[in-house]
Amino acid sequence: MRVELFDFALPPENIALRPASPRDAARMLVLDGDATRDAHVRDLPAQLRAGDCLVFNDTRVIPAQLEGRRGDASIGATLHKREGLRRWRAFIRNAKRLREGDAIDFGAGVSATASDRAEDGSFALDFAGDEPVEQLLERAGRMPLPPYIAAKRPTDARDADDYQTMFAAEPGAVAAPTAALHFTPDLLARLDAAGIWHETLTLHVGAGTFLPVKAEDTDAHRMHAEWGRIDAATADRLNAVRARGGRVIAVGTTSLRLLESAARDDDTIAPFEGDTAIFITPGYRFRAIDGLMTNFHLPKSTLFMLVSALMGLERMQAAYAHAIASGYRFYSYGDSSLLLPPR
């Protein structure tokens, strides 16, 4: 499909720079079959049914942005995928000043050697020393806010908490699974009381999620791979939900992409561990999920293509037009949508 079909105009004032407070006070646009209604995240128990199951991503964002020097050149690095015990793939700012074999000093006793430059311009960074890389990042790194926020304000102390979900447990992401940022212990307790289950899986979100689609046709776009895991017990429980007539609702496109990567041809979910580069566009047949809770996405992004595959392009174009006109807040710190296609 032509990428331009997924374009839309978004006024800058609709881009959220801070999350709602409390988190579940965010607005939520509900597309339920053919119906559309405005709600808030705190209303979620009333929008679902007993026996449904929400699936959260328990990845934890690491301080994956580094600022360093190679001689007299300033070098910025955003880690986006672990490739070994001490090796991470990284997108580089000022990459023209960096060559394979160069050492970068990131300060605080943290340094790495660049190697294996890829076609997308990224380098592998091999970190010096014996300390776990996560400890090095705690000293020298900072929280990797999305570029559309970082361009408008600096990262600050609030972001260390604001940009983690209440489910964050497995370190390794360089971007938050932002749909789950809206959840609070109180909301989870009310969902439990309403008979709505929840499960967790792990997908370490990479910085590739923010890369623009540069191709003119979706067939020419290459997705970056991300590592994920669904254990056997979780897969069994999710299959049992659907066998009982409940719905599996992915919270976030990261959860959805991993579930669909693990789906069998008979529409059941298998255990999964490894990389996925699944790219979902209109025409895709969903096998593992029955709905999606997600924030509002960028024009011409792979994520807007995904929601258009789930609900239909015309439906999502109309929904986004309504959201923009109604003052919904977009992107990582913005409002939410609940997408429930007809069954």
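**Rings and cores in a predicted model**

Tyr 284 counts as partly exposed because its relative accessibility is 23%, whereas Phe 286, at 17% relative accessibility, counts as buried, the cut-off for buried being under 20%. The model in which these residues are seen is a predicted one.

The structure holds 17 aromatic pairs, and one of them is the stacked pair of Phe 56 and Phe 167, whose centres are 4.0 Å apart with 20° between the planes. Because Phe 56 lies in strand E3 (residues 53-57) and Phe 167 in the loop between helix H4 (159-162) and strand E11 (170-173), this pair ties together parts that are 111 residues apart in sequence. Both Phe 56 and Phe 167 are buried. Tyr 284 and Phe 286, by contrast, form an edge-to-face pair, at 5.0 Å centre to centre and 80° between the planes.

Ring pairs also link several residues into a cluster, among them Phe 8, Phe 296, Tyr 320, Tyr 328 and Phe 330. Over the ring of Tyr 328 sits the charged end of Arg 27, 3.9 Å from the ring centre, and the charged end of Arg 244 sits over the ring of Trp 197, 4.9 Å from its centre.

Phe 330 leads on to the nonpolar cores. The largest nonpolar core has 62 residues, and Phe 330 is listed with Ile 230, Leu 259 and Ile 289 as having the most contacts inside it. Helix H8 (residues 302-311) gives the most to this core, with seven residues. A second, separate core has 26 residues, including Trp 88, Ile 92, Ala 114 and Val 133. In soluble globular proteins, nonpolar side chains tend to be buried together.

Technical notes:
Residues are numbered from 1 along each chain as its sequence is written. This is a predicted model: local features need pLDDT of at least 70, side-chain atom pairs count only at pLDDT 80 or more; totals for chains, interfaces and linings use all residues. Side-chain values use heavy atoms; hydrogens and water are left out. A nonpolar core is a set of buried Ala, Val, Leu, Ile, Met, Phe, Trp, Tyr and Cys residues joined through side-chain atoms within 4.5 Å. Buried means under 20% relative accessible area, exposed over 50%, partly exposed in between (1.4 Å probe, protein chains only). Helices (H or I, at least four residues) and strands (E, at least two) are DSSP runs, numbered from the N terminus. Rings of Phe, Tyr and Trp (its six-membered ring) pair if their centres lie within 6.5 Å; planes under 30 degrees apart count as stacked, over 60 as edge-to-face and the rest as tilted. A charge sits over a ring if NZ of Lys or CZ of Arg is within 6 Å of the ring centre and within 35 degrees of the ring normal.
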